Structure formats: C-alpha cells, structure tokens
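This report looks at side-chain pairing in the structure shown below.

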Amino acid sequence: MTRVRLAVGVFLSAWAVSACTINVGGQAVPGPMPSTASASAPALPKSGQCMNAFDLKVLDCAGSHEAEVMSVGELSGLGSGYPDTQALRKAALPPCRSVLTEYLGSADADSTRLRVWAFWPNEQGWKDGQRWRLCTVVEIGPDEKPLVRKGSVKGTLGQNGFTTFQTCTSGSPSKDAEIKMSACTGAHLAEAVPGGVVSLGKSSDPAPSKEQMNAIAKEKCTKAVHDYLGSSKRADVFPAWRNPGSQAWSEGWTNAICYAEATKAFTGTLFGIRDNPLPS
C-alpha cells in the first residue's frame, strides 16, 4: 500500500493584486503564504473526487466536503533537495490554474469565490521520491477559508452558476490594497462582473508594466461593466479592476478582474440596473 505524505498550498491570489480604476493607479500587494499540513493516505484521489482541505480521504461529493479534485500531475523543474515554499508555489499553481477554467466550464472563474487549492508532498515524501501535485478547487467564504459544501462544482459556471459564486466586496477594488469579500445579498460596495476576467499574458513571460496592464484592462473592463449595468451613463457606478502583483504573476495569476464599483454601499445587485437608483 502506498502511503502519500503531503503539504498543501492555498492559492488565494485573487487578493494578491494591485488596484486601479480609469483614473486611479495601483499598488502591487504580495499574496498570502499557503497553509501547510502533513497527512497520509492509501493513494492520491482522482479527478472529480471530493475531500476536505487538509485530508486526502475521498468523500462523497454529494455529502459534506471542502475540496474537489480537478487534476493530478507531477512537479517538474525542481532540484533533489526539498524546495522552499515559493518554488513549490511557482511549480504547482500555474498548472493548477490552467485547468480551472476548463473544470468549471467558464472563463469567469477568477471573478468568483471558487479558488485553486494545491497539494504537494511534504519534506519526508520528497525524500521518498514523491513529486506529485494535486489540484483542487474550493469555495472560499468571507473569512477566506474553505467552506463546507455539498455537490460537485464541475461545469457549474458554464450552467448559469455565476451568481451562486460571484465575488462581492465590502471594500473598494479601486482604492484598497486589500479588499474583503462580503455576501452579495448583504450590503457591499462592488461586484465582480461576468465577462470581466481579462488575460494579461502568461506567467512564463515577464509581467507587463502597470501602465500596460491598465491600458488592456481599461477598455475591456469598461465594456464588461457597462454591459452588466445596461448603462454607460451612470456617475454613481464605475468600472474598476485589480491587476496581479509580481508574486501573483509568477504563480499563474495573470488576469485583471473587473468590478462594478459604486460610490456608496448598496444591498441587492447592480445587474441590469440601467438608470434606476442604487438598490437599498
């Protein structure tokens, strides 16, 4: 029986970004470090199976669980000695992120609370010759910790599931270095919009300058937000976006995320609001 030892890396670089609007520049913010844990299991779970965030024990996806396996692969380009956390993140996270869109069925994944959660061998497993990586997806709550959920998320964003997992924030995407998620059903200041994930390049290439990122994001986010509102004339709601910082870029986060941001908090949704008052 093969015993698998592991460590786990949490990819929450949705908040590892710089903020900007049409007239506001940004500041690169380093992403949070991953949590790590040691565990053992008879074998690695397979794609489509479910588990908890720190345990490789396979669980029924119809029952309570935290993580869902998207893919299993091998780490490459690392030396024989156990790599540091930054090297492991750079090796594991880009290939995990590359399968996120396909698994969820939509390019809008980065505008939602569904995030990559990557596992790799711990130091003892590495000494034993293990080089696997396990890519899972979790739903993150307002405290940025995995939620216990039921049911598979495979293909869910391709089946009109965006609003179920849409990211809303209580802070300002255009001004705050860090923004806090909030429930879209409660008071919030901004909403990530469908069609608002803007590719800025590949993590294997040098990151564009802030000015280059803003030029790309400005045009596409303005259109995405106006389409979401059903109006291009509002003064109390404007397009905002958040660009990846240098650490996030190296770990596969190479998209700008577009937000419809209001000048004051509101309750309800901005979708299709047109020229009506902000919902309260």
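The charged end of arginine 131 sits over the ring of tryptophan 126, 3.8 Å from its centre, where the criterion is NZ of Lys or CZ of Arg within 6 Å of the ring centre and within 35 degrees of the ring normal.

## Basis of the model

Residues are numbered from 1 along each chain as its sequence is written. Because the model is predicted, local features need pLDDT of at least 70 and side-chain atom pairs count only at pLDDT 80 or more, while totals for chains, interfaces and linings use all residues, and side-chain values use heavy atoms, with hydrogens and water left out.

The protein averages a pLDDT (the predictor's confidence in each residue, from 0 to 100) of 84, and 85% of the residues score at least 70. Over residues 10-41 pLDDT stays under 50, and the model has 119 contacts (heavy atoms within 4.5 Å) beyond four places in sequence for that stretch.

## Salt bridges

Six salt bridges are counted, each defined as a side-chain nitrogen of Lys or Arg within 4 Å of a carboxyl oxygen of Asp or Glu. In one of them, the side chains of arginine 89 and glutamate 251 meet at 2.7 Å, N to O. Arginine 89 belongs to helix 1 and glutamate 251 to the loop between helix 6 and strand 12, so the pair ties together parts that are 162 residues apart in sequence; both residues are buried.

Glutamate 139 forms a salt bridge with arginine 149, with the closest N and O atoms 3.2 Å apart. Salt bridges that share partners join Arg113, Glu139 and Arg149 into one network.

## Aromatic pairs

Three aromatic pairs are counted among rings of Phe, Tyr and Trp (its six-membered ring), with centres within 6.5 Å and planes under 30 degrees apart called stacked, over 60 edge-to-face and the rest tilted. The rings of tyrosine 82 and tryptophan 126 have centres 5.7 Å apart and planes at 75 degrees, so this pair is edge-to-face.

Notes
Helices (H or I, at least four residues) and strands (E, at least two) are DSSP runs, numbered from the N terminus. Buried means under 20% relative accessible area, exposed over 50%, partly exposed in between (1.4 Å probe, protein chains only).
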